[in-house]
Each structure stands twice: as C-alpha cells, then as structure tokens.
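Walk me through the labels on this model, one by one. For each, I want the value and the cut-off behind it.

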Amino acid sequence: MASVLIPVLYVFIVFGSLLVFSYFYRRRNAHKVYEPYFPQHHERDVYFSLMQMSDPPAPESLLKAALVRRAMTDVTRIIRLREDKPALQNLLQKGSIGDDLWNSLLAAEKEMEAEILEVAAEANAYVEGWGSVIFQTATEMMHNEKMRALVEQLPSIRAEAELKYGKAALPKLNVEPAPAVSVVPVAPATPQLATSVPSTPSTPARPETPSSAKSSNGLAPPSAGAESGTFSDSDRSVSTPSSPRSPSKSSSSKKSKKRK
C-alpha cells in the first residue's frame, strides 16, 4: 500500500508545483509592460488632435487627409510585421532571442488589428464604403512616395559613386553623318481633258495603175486628179449652192435699176 501512495504523491507534488509556478508566472507577465515594438503613432495623434479642435473646427478635407496619412503608417507597420514575424519565430526556436521581443511583436499585432478596424470605421463615417478601399489608396501613395524619394536621392548617390570609384568617361561613338540627298520638287501633273474628235471615215484607196500601161483602144488613162476624186476651184464653185442669205446678181441689178 505504501509503495502505491509514494508515486501518486510524487505526481501530485510535481503537477501542483507546476500549476503554482504557471499561475504566478502568468500573473507577473500580465502586469508586466513590454517595450513597444513600434514607436509612437504620430499620425494617429495628429488625427485625434484635429478631431478635438472646436474653435474653429477642422475642415473635413483636412480630417480626410490626416486619416489617409494614418492609414499609410498602418500599412507600413503591417508590412514590417509580416516580414519580421517568420524571422523572429525562427530565432526564438533557436534560443537567439528572449520572450520579451516575441511578446512585444504579438502585442503589436493585436494593436494593429484594432487600429485597422478603427480606421475603416472612421473612413466609413465620412464616405460610405471608403473603409474597404482606404488601405489600397494608402498603399499606392506609400509606393509613390518611395519612388519620389529614390528619384530625389539619385544625384547624391551618383556623386558618392563618382567620389568613391572616380568619374568614368562615357565612350564616344563616332557616328558618320548620312549623305545629303537632294530632293527635286516635282510639279503635280495637271489632268488633261480628253477632247472627243469625231473620226472621219477614210475613203478606201484605189489601186494605182502604172503609167506605162495603155488601154487597148489606145486612149490615155484618166488623170490622177479624177482618180483621187479632187475637184478644181471652178468645179467647187459650181457644185456648192449659194447660201440663202447672200442675194443673187439678178436681184441686185433689178434694185439698182429701180433706184435709177
């Protein structure tokens, strides 16, 4: 009987001591204040200060701008928490860091969750539905500011590089100029109007008879003018009738007699 009670009593003592230790340890940690993982939220304090202004009250546009600035700081802290948490977890497992740093990171996570809900509620109070897109807007503005800061730092970075490594001359490229090409202006072609000329029917040519040939009755062949169908001036004057407008010679002679 005594052999059974000793192990049971040993188990009760061990577990009881562990429970008492854990109770006092949790009670001590509950009242312990960890060092904040992030510095003081300056943008949140500015927003609350603007909200408390009453004489004169802050304009709504200024309050919205302060709220966006507050959301930008929250986005920056969320990104940092996502990047630091896996690394700190690995270091905690290896024993490289203490529990204080890990607990401060967990407290910062809980604080950021409450901050996100509060910012979304404030945004919806100004414009309905703005709370769902305010963090997206804040992320774009944050990236824009980073790019602007990088562009502004380029001259100083270049000067430091020149002082450290020396100013290297850029290679010169010998580019030959292209030969000049003379361009002759060409006048625009004027369209020619096609004139329709009535075509005269061509008379078929008669076969020529040799001059040495003679007819059987000993008469000479007709002249070339008769063959070609040409007429003399006297023939033309006889053949062409007088126009009705030109008076004849007989009518003109009669009028002259009457006048006399």
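Q: Why is phenylalanine 48 called partly exposed?
A: Its relative accessible area is 32%. Buried means under 20%, exposed over 50%, and partly exposed in between (1.4 Å probe, protein chains only). Phenylalanine 48 therefore counts as partly exposed, at 32%.

Q: What are the ground rules here?
A: This is a predicted model, in which local features need pLDDT of at least 70, side-chain atom pairs count only at pLDDT 80 or more, and totals for chains, interfaces and linings use all residues. Residues are numbered from 1 along each chain as its sequence is written, and side-chain values use heavy atoms, with hydrogens and water left out.

Q: How many aromatic pairs does a search of the whole structure find?
A: Three. One of them joins tyrosine 23 and phenylalanine 24, at 5.4 Å centre to centre and 75° between the planes. Rings of Phe, Tyr and Trp (its six-membered ring) pair if their centres lie within 6.5 Å; planes under 30 degrees apart are stacked, over 60 edge-to-face, and the rest tilted. So the pair of tyrosine 23 and phenylalanine 24, at 75°, is edge-to-face.

Q: Why is the pair of tyrosine 47 and phenylalanine 48 called tilted?
A: The centres are 6.1 Å apart, and the planes make 50°.

Q: Are tyrosine 47 and tyrosine 23 buried or partly exposed?
A: Tyrosine 47 is buried, because its relative accessibility is 1%. Tyrosine 23 is partly exposed, because its value is 49%.

Q: How many helices and strands does the protein have?
A: Eight helices and zero strands. Helices (H or I, at least four residues) and strands (E, at least two) are DSSP runs, numbered from the N terminus.

Q: Where is proline 56 found?
A: In the loop between α2 (42-51) and α3 (60-94). A cis peptide bond joins aspartate 55 and proline 56, with omega about -5°.

Q: Why does glutamate 115 count as buried?
A: Its relative accessible area is 2%, so glutamate 115 is buried. This residue lies in helix α4.

Q: What does glutamate 115 touch?
A: His41, Arg44, Arg70 and Asp74, not counting residues up to four places away in sequence. Contact means heavy atoms within 4.5 Å.

Q: Which residues is isoleucine 78 in contact with, leaving aside its neighbours within four places in sequence?
A: Met112 and Ile116. Isoleucine 78 lies in helix α3. The C-alpha atoms of isoleucine 78 and methionine 112 are separated by 7.3 Å, though the residues are 34 apart along the chain. Isoleucine 78 has a relative accessible area of 17%, so this residue is buried too.

Q: What lines the second largest pocket?
A: There are 14 lining residues, and Pro36, Tyr37, Phe38, Ala108 and Glu111 lie nearest its centre. Helix α4 (residues 99-126) gives the most, with five residues. On a 1 Å grid over the protein atoms alone, a pocket is an open set of points where a 1.4 Å probe fits, with protein on both sides within 12 Å along at least five of seven lines; lining residues have an atom within 4 Å of a point.
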